[in-house]
Structure formats: structure tokens, C-alpha cells
Number of protein chains: 2
Amino acid sequence: MLRLNTRDPGFEKAFRRLVRDRRESEGDVARDVELLLAEVRNRGDAALVELTAKFDRHSLASEDDWRISPESCAAAYAALDDDLRAALDLAAARIRAYHEAQKPEDRDYTDAAGVRLGAVWRAVDAAGLYVPGGRASYPSSLLMNALPAKVAGVERLVVVTPTPGGVANPLVLAAAHIAGVDEVWRVGGAQAIGALAYGTQRIRPVDVITGPGNAWVAEAKRQLYGVVGIDMVAGPSEILVIADGRNNPEWIAADLLSQAEHDPAAQAILITDDPLFADMVADQVGVTLSLLRTARVASESWNTHGVIIEVASLDEAPALANALAAEHVEIAVDEPEGLFRAIRHAGSVFLGRHTPEAIGDYLAGPNHVLPTGRRARFASGLSVLDFMKRTSFIQMSEKAMGAIGPAAVALAEAEGLPAHARSVAVRLGQ
Amino acid sequence: MLRLNTRDPGFEKAFRRLVRDRRESEGDVARDVELLLAEVRNRGDAALVELTAKFDRHSLASEDDWRISPESCAAAYAALDDDLRAALDLAAARIRAYHEAQKPEDRDYTDAAGVRLGAVWRAVDAAGLYVPGGRASYPSSLLMNALPAKVAGVERLVVVTPTPGGVANPLVLAAAHIAGVDEVWRVGGAQAIGALAYGTQRIRPVDVITGPGNAWVAEAKRQLYGVVGIDMVAGPSEILVIADGRNNPEWIAADLLSQAEHDPAAQAILITDDPLFADMVADQVGVTLSLLRTARVASESWNTHGVIIEVASLDEAPALANALAAEHVEIAVDEPEGLFRAIRHAGSVFLGRHTPEAIGDYLAGPNHVLPTGRRARFASGLSVLDFMKRTSFIQMSEKAMGAIGPAAVALAEAEGLPAHARSVAVRLGQ
């Protein structure tokens with residue numbers, strides 16, 4: 001854990017290093033992924049069979065080897081403990097409600113020149129969702145990716161997920177049932193992304209691909225950007241907690257560790273104006289770590305990437321937060337509005353002492369797929385907009401053409417595009 | 001020009017080939033671009049000086065060699081012909097008005113469980129806009145990229161543009177003045193994109209980069225996607241005209257050629273239910289070509305990529321249009337609404353007989369930066385949203401936590417994330 005103080009002479013330099021450190025492997029997977037994608041593009045299902053046997057030790061032979069049926073997902077849902085089923089249902093209902101209100105409105109109006117203008121939003125036809133196998137296979141993640149697509153109106157929602165040794169996560173299948181996923185294919189890795197983008201004999205192509213994955217999956221999405229739409233590149237999780245000294249150190253320690261336990265490369269940062277409180281949180285992190293089953297990962301993250309920044313006043317916090325542009329920002333003070341208004345760059349903000357980041361991971365309603373690695377400077381969390389697109393439209397009348405057509409002719413001629421000019425001029429009777 | 005008829009037995013196969021043909025060079029520029037970006041990242045301004053001397057025959061020595069001042073842009077504006085200046089001003093005013101209405105609304109509400117939820121939209125701090133040199137350097141393109149950024153509230157808007165042999169396009173400078181561009185740097189190519197993304201000693205980095213460019217520029221943007229936000233990959237222009245037999249063939253021919261004249265790889269497609277009208281348009285294309293200064297490019301595009309599809313009824317047109325997902329779709333009939341409602345995938349739609357696509361290129365108002373190469377299946381035209389991002393927020397009360405906290409604890413435990421569970425449980429007094 002790194003401890004900084006804005007009053008120290010070396011602060012600027014150390015903070016700049018912190019901002020620049022992206023904690024992302026830039027390992028050279030690009031060439032591997034290129035080859036995997038070419039295999040799937042050229043050989044379709046046959047390539048999937050080979051690669052799935054090789055990487056997932058899973059044989060794609062019978063229909064059941066290829067797909068998990070909607071009935072199996074429904075059975076997984078029915079088999080859940082009552083409490084857990086109710087919790088997943090509550091999460092789905094709250095996520096759905098928040099995203100329903102995101103649906104954009106169409107526009108259609110006629111302006112003073114008599115030109116009818118507008119835009120209509122429509123869902124993409126089909127979306128693909130990657131669900132990792134193993135440890136990072138989370139039902140909450142399925143809901144957060146699938147529900148915005150369904151709310152957007154996507155008619156065909158396809159999940160691909162590796163089932164190493166044939167084993168699938170029943171919680172994820174239950175979540176797929178709740179979300180109304182249409183197809184679940186037992187393929188993973190870059191090859192699954194290729195199948196979704198190009199289509200194979202069995203798997204029809206989709207238009208947008210979202211969902212978390214390892215470096216190969218992320219690189220495959222990056223390479224296919226433009227062939228399909230994708231969500232933003234995702235790096236290790238981050239939390240920035242801005243807290244005064246009147247918080248319970250146990251609560252704040254738990255909040256910091258809730259991100260640290262995701263990944264050794266995750267980063268938890270505390271900004272506080274109270275050095276004694278900073279000490280108490282640091283101690284409490286140690287105590288809490290001893291209680292966690294995830295201590296190995298969480299302590300590696302905290303020891304390597306954890307940071308406590310002491311500030312003279314919390315008024316310094318927004319500038320630091322904006323430079324960090326963190327995925328999650330907690331503002332644990334009594335009156336968080338002032339600080340909140342000054343924070344320009346953050347994926348999601350958690351206001352007040354009673355709002356741990358984890359409540360947003362599961363069921364507050366907003367999406368937990370958020371920009372990491374300072375991408376909150378320019379990117380937003382996943383939303384229904386990622387599964388929709390806008391078509392603008394224009395309708396001219398003869399009168400409107402008389403009003404604005406001549407200017408279009410002048411511009412087209414100035415740009416050296418005579419057919420552009422002509423297509424307007426002929427309608428002006430020229 | 002290819003002529004198809006939906007009643008011919010070979011139609012399906014020929015149409016499928018048409019849909020798949022992307023007309024985009026997939027030349028191997030990736031490695032070159034990687035090296036150029038590394039040069040700029042590692043050596044900053046010194047790399048720009050060398051590469052600009054090499055590629056643009058322009059020496060970056062004095063301040064004036066590096067930058068075009070706001071005063072020079074103002075002078076270029078003042079020196080315009082009155083008609084042209086009025087036309088550019090009209091275009092800017094109309095584009096600004098259309099994009100103003102795109103600004104998204106913030107949300108802030110408290111739901112039945114007592115959870116405060118919402119989202120705030122904020123502009124990115126800085127945006128970079130690439131403006132090509134030479135033939136494809138268009139003032140309209142500058143307005144279409146710069147004005148949405150300015151309307152979004154971007155405080156620092158930076159143009160990079162190559163000035164081969166030191167020469168800049170005065171029309172583009174005038175447009176930069178109108179749009180309120182803050183900095184104009186005389187660098188181009190992949191190296192300019194690298195400078196915008198990474199920053200150099202002289203050029204501060206930006207958060208989003210948009211604007212058209214050659215294959216090197218496009219590849220540089222693709223490689224930097226995630227370091228900065230970028231606009232959608234753009235391919236050659238396309239127009240699909242759906243027209244009944246009661247159109248003036250001269251008008252429709254001009255419309256088809258207005259896209260063909262952009263690029264030998266551009267594509268113009270006519271769908272009509274009237275074979276005689278199809279013949280007349282084909283003839284008229286020949287006549288019009290003979291009048292155009294751009295005949296060489298336009299005829300190469302039309303001969304190589306032009307298509308006329310005869311349908312038994314225009315009711316067949318929407319399905320074909322959706323498969324093509326074209327950048328521009330004209331619906332040249334008296335009552336275009338029915339066909340328009342059935343078209344799900346298109347960048348922009350031009351309704352009725354009096355709406356040539358070119359009016360949208362200049363000053364109708366909607367953006368002319370639109371998805372090409374079937375990307376209208378999942379992508380939208382450029383908008384203020386490309387220069388903004390959304391931060392979601394959550395505020396829990398103790399009461400709200402009591403209502404939904406236990407479900408979050410259950411889900412966190414089921415996912416094997418004990419610190420997540422703990423951060424909620426401690427606030428429930430557990």
C-alpha cells in the first residue's frame with residue numbers, strides 16, 4: 001500500500017505516476033487472436049469443435065454438447081434456494097426498472113424553414129454476450145449485460161460461455177432464464193467471439209457483442225470492432241473512496257477490499273483529510289483481510305496497488321478524482337452533493353455513508369459494467385444505448401428547398417463536388 | 001453497373017454477394033501504424049518533426065510552422081465570398097440547432113424502496129478532430145465534427161491536419177473559425193492521431209478523436225480505441241435510392257452520382273419497381289456523367305459498384321434495405337412513411353421526392369458522419385453523445401439499505417465475494 005500526502009513535496013510526481021499506471025497487461029496476444037479468428041471465419045463449426053476440445057476439454061458432438069437448452073436454464077432457476085431466487089428476481093426487477101428509463105426518445109419536428117427533421121432509435125437485431133467460465137462467471141454480470149439488451153428490444157440474445165470439462169455455472173443459467181436469453185452456446189475464448197461476429201453453420205452472427213473476458217476475449221472484441229459493435233475495453237476493477245474522519249473504519253475497509261478481492265490487479269484508493277482515520281482504515285484492512293476467504297487476492301491487490309492519499313481538505317479531492325477518473329467513487333460524508341458536483345470523471349458515484357459500492361454491483365439498478373483505466377474521461381457504463389442505434393431523417397418540401405437549397409449548391413461547388421450541387425440544383429429548377 | 005431482378009432465380013445468391021462485399025481495403029497497414037505510434041509516444045515532438053518532413057514535405061520549425069493561429073482562421077473567414085460565407089454560416093446555424101436538441105437529460109429520482117438513483121451527463125474535457133489534407137479536405141466535414149463537440153460543451157477542441165508543402169485549405173480554416181476550434185496543428189497521418197492520444201511536449205492529449213482519414217489514420221484510431229474514445233470506423237460512401245417510376249430520372253441519376261463522385265469505391269444502388277424507369281435512370285447517369293468534372297471517379301464507382309435492383313413491388317424494398325443497412329437511403333415516393341417505418345437499418349433516411357441526399361451533407365442539420373459498410377445495423381451517426389459520457393449515481397438511506405441490502409448480501413455470498421457481502425452487511429448492523 002502506497003501512502004501519499006498532498007502536502008509532501010514529492011506528491012505531484014508520485015500522483016502523476018499513479019494516474020499513468022494502467023495496470024493492464026499489454027501481452028502480445030494480438031497475433032494469436034488473429035489466427036483464432038481466421039480459423040473460425042474460414043472453417044466455422046469445425047474450428048469451434050477443435051478449439052473447444054483443445055482449450056476447454058469439452059467435446060462438441062451432440063446438440064446438448066453445443067447448447068444449453070432454455071429448459072435447463074429454467075430448471076437451474078427452479079432449483080435455487082428460495083432466498084437466492086428472490087434475491088436474483090429482485091436484482092433483475094430493479095436493473096430492468098432503471099434501464100427502462102434510459103430508453104431514448106425519437107424526434108420528429110418541422111423547423112422554421114419548413115424542413116422536417118428527426119431521428120428514430122431502434123434496437124439491433126441480435127446481441128451476443130460473453131460469460132467467462134470458472135471463477136469470474138457471475139450471475140450478476142449476466143443480468144447487467146442481458147437486461148439492457150432485452151429492455152432495448154433486442155429480439156435475439158445469445159450467450160457464449162466456455163464449459164471447461166463440460167461444467168456450467170447453475171447460477172448463471174438461472175440468471176439467463178430470468179433475463180430471457182434466447183440461446184446459450186458452450187464455446188468460449190476468442191473463438192466464441194469470432195463465431196458471434198462472423199457466424200458459423202450453427203451460430204448465426206450478431207450485431208453487438210458485450211461482456212467481460214480474459215485478454216484473448218478482449219483482444220478478439222477489439223479486432224472485430226467495426227464488424228460488430230462492442231462494449232468498452234475493460235481493465236481491472238477500481239474504487240476510490242473519499243471519506244472524512246467521521247466514518248466507521250470497518251465499513252470503509254470493507255468497501256476498499258470489495259474491489260481488491262476481484263483481482264490482484266484491482267486498485268483501491270482512499271482519500272481522506274484525517275490522518276488518524278487513515279491509520280485506522282489501514283489497520284482495519286489488515287483485520288478484515290484475516291476474515292476473508294478471498295484474502296490472498298485482496299491482500300495482493302491492496303499491498304501492490306492500494307493507496308491512501310491524505311489531503312489538507314476534502315476540497316482537494318475532486319481534482320484528484322478527476323485525474324484518476326475511477327470506475328467507482330464513494331463519497332462518504334454527510335453532505336456529498338458539493339463534492340459530487342465537482343467530480344467530472346467517474347464511472348459511477350456512491351453518495352453518503354450508507355452506500356457501499358457493492359450495492360451497485362448487484363441490485364441498486366444502474367449498470368455495474370463501467371469504464372476502467374481512466375476511460376471514464378470519455379466512456380460511460382453499459383446502457384440500453386449500447387444495444388440501439390439512431391437513424392436520422394430529413395424531409396424537404398419544395399418551399400424548404402427554395403429556402404436552403406441555394407446555400408447547399410454554393411457549398412457543394414466550393415468543395416468541388418458537382419454531382420452534389422446538381423442533385424440539389426435540379427430540384428430548384430436550375 | 002450490376003442489374004438484378006428479385007424475380008430472377010439467381011437473385012438471392014447475387015444479392016447475398018452484394019451484401020457481403022464491404023469494398024474496404026484490408027491492406028496490412030497495422031504494423032506500420034504500430035511503429036509510427038510508438039515513435040510519437042516515445043519521442044514526442046521530435047518524431048512529429050521528422051515524420052512531417054518525410055510525409056508532408058513540411059518543416060515544423062517556427063511556431064507558425066506548427067500551428068495555424070485563430071487569427072489566420074478568422075482572416076480566412078473574412079476573405080470568403082459573401083455568398084459562400086453566408087452559406088457556411090447558415091450550415092453552422094442549422095447543424096448547431098439540430099445537435100442542441102440531442103443533448104441528453106440528467107436523471108435524479110428516488111424509487112419506492114427509498115433508493116436515490118440517477119445519471120449525469122458531462123462533456124469530455126478535450127476532443128481532437130482529424131481533417132485530411134488534399135482533395136478530401138472539406139469545410140462541411142469540419143463543421144459536422146466540430147459543432148457537436150462544441151454543443152456538447154467540450155472546452156478544448158483541437159484540429160490536426162496535414163499541410164502538404166505548407167498549404168492549408170482556406171475554406172477549412174474559415175469553418176474552424178465559425179466552429180470555434182481552439183487549436184489547429186499542422187500535423188497529419190497516424191502520427192497526428194498518436195500525438196492527440198498520447199500528447200507530446202507541445203500538444204496536450206485529448207479524450208476523444210473523430211474525423212475522416214486515410215487507411216493509416218483509421219488504423220491508428222482503431223489501435224488507440226480505449227486509450228481515447230473514437231468515432232466509428234468509416235468506409236467508402238453509399239447511397240440506396242428507393243424510387244417508383246414517377247420520379248424525374250435526371251434527379252435520381254444526380255442523387256446516385258452524388259455519392260459515386262466521392263470515391264471509386266463508393267456505391268450507389270437504385271431499387272425500383274419500374275423497369276422502364278430503371279432504363280431511363282441508367283441512360284441519364286451516362287448523360288450526367290458527361291457533364292461532371294468528377295466523371296472519372298464517379299464513372300469508376302458506378303461501373304464497378306453501381307447496382308440497379310428491379311422489384312415486383314416496392315414492398316420488397318425494406319427487407320433489401322435492411323440487409324444492405326446503407327449509410328444513406330432515399331425514399332423517393334409520394335407517401336414515404338410506410339416504407340420508412342419498415343426500414344430498421346440505415347444511417348440516415350431522406351424522405352420524398354424533394355430530398356436529395358446532398359442536402360443532408362451540407363445543411364439540413366443532422367450529422368453527415370454516418371455508419372458505412374453495413375454498420376448501421378449497430379452504429380449511429382456522429383452526435384453530441386460521442387463527446388459526452390454518463391456517470392450513474394446511487395444514494396442509499398439506512399431504511400433503503402434495510403429493504404434491499406439483505407438480497408445483495410445473499411448474491412455476494414453466492415458469487416464467492418465475501419468483502420462485497422461484508423461491505424453491505426456491516427451497514428445492516430450484521
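Mentor: Let's start with two residues: Phe11(B) and Phe15(B) sit four residues apart, about one turn of the helix, in helix α1 (residues 11–20) of chain B. Helices here are DSSP runs of H or I with at least four residues, strands are runs of E with at least two, and both are numbered from the N terminus. This is a predicted model, in which local features need pLDDT of at least 70 and side-chain atom pairs count only at pLDDT 80 or more, while totals for chains, interfaces and linings use all residues. Residues are numbered from 1 along each chain as its sequence is written, chains are lettered from A and ligands numbered from 1 in the order in which they are written, and side-chain values use heavy atoms, with hydrogens and water left out.

Trainee: How do I read aromatic pairs, and how many does the structure hold over all chains?

Mentor: A pair of aromatic rings is described by the distance of the centres and the angle of the planes. Rings of Phe, Tyr and Trp (its six-membered ring) pair if their centres lie within 6.5 Å; planes under 30 degrees apart are stacked, over 60 edge-to-face, and the rest tilted. Over all chains, the structure holds seven aromatic pairs. Phe11(A) and Phe15(A) are stacked, because their ring centres are 5.4 Å apart and their planes are at 20°. In chain B, the rings of Phe11(B) and Phe15(B) have centres 5.5 Å apart and planes at 20°, so this pair is stacked as well.

Trainee: Are Phe11(A) and Phe15(A) buried or exposed?

Mentor: Both are buried. Buried means under 20% relative accessible area, exposed over 50%, and partly exposed in between, with a 1.4 Å probe and protein chains only. Phe11(B) counts as buried because its relative accessibility is 5%, and Phe15(B) is buried with a relative accessible area of 7%.

Trainee: What does chain A look like as a whole?

Mentor: Chain A has 18 helices and 15 strands. Its C-alpha atoms fill a box of roughly 80 × 60 × 45 Å, taken along the principal axes. Of the 430 residues in chain A, 62% are buried. For contacts (heavy atoms within 4.5 Å), those between residues 24 or more positions apart account for 76% of the ones in chain A with a separation of 6 or more.

Trainee: How many residues does α6(A) have, and what is its reach?

Mentor: The expected span of a helix is 1.5 Å times one less than its number of residues. α6(A) has 19 residues and reaches 27 Å from its first C-alpha to its last, close to the 27 Å expected. Its buried residues include Leu84(A), Ala87(A), Arg94(A) and Tyr98(A). Take Ala87(A), which lies in this helix (residues 82–100) and counts as buried because its relative accessibility is 2%. Not counting residues up to four places away in sequence, Ala87(A) touches Ala407(B), Ala410(B) and Leu411(B).

Trainee: Where is the place of Gln102(A)?

Mentor: Gln102(A) is in the loop between α6 and β3 (107–110) of chain A. Leaving aside neighbours within four places in sequence, Gln102(A) contacts Ser383(A), Val384(A), Arg107(B) and Arg390(B). Gln102(A) is buried, because its relative accessibility is 13%.

Trainee: And how should I read a pocket?

Mentor: A pocket is an open set of points on a 1 Å grid over the protein atoms alone, where a 1.4 Å probe fits and protein lies on both sides within 12 Å along at least five of seven lines; lining residues have an atom within 4 Å of a point. The second largest pocket is lined by 23 residues, with Lys103(A), Pro104(A), Glu105(A), Pro104(B) and Glu105(B) nearest its centre. The elements giving two or more residues to this lining are β4 (116–123) of chain A together with β4 (116–123) of chain B.

Trainee: How do the lining residues of the second largest pocket divide?

Mentor: They divide into ten nonpolar, four polar and nine charged. Ala, Val, Leu, Ile, Met, Phe, Trp, Tyr, Cys and Pro count as nonpolar, Asp, Glu, Lys and Arg as charged, and the others, Gly among them, as polar.

Trainee: Could we finish with a covered helix?

Mentor: Helix α9 (residues 189–198) of chain B is mostly covered, with nine of its ten residues buried. Elements of chain B against which those buried residues pack include α2 (30–43), β5 (126–130) and α10 (215–224). After α9(B) comes Gly199(B), with a positive phi near 80°.
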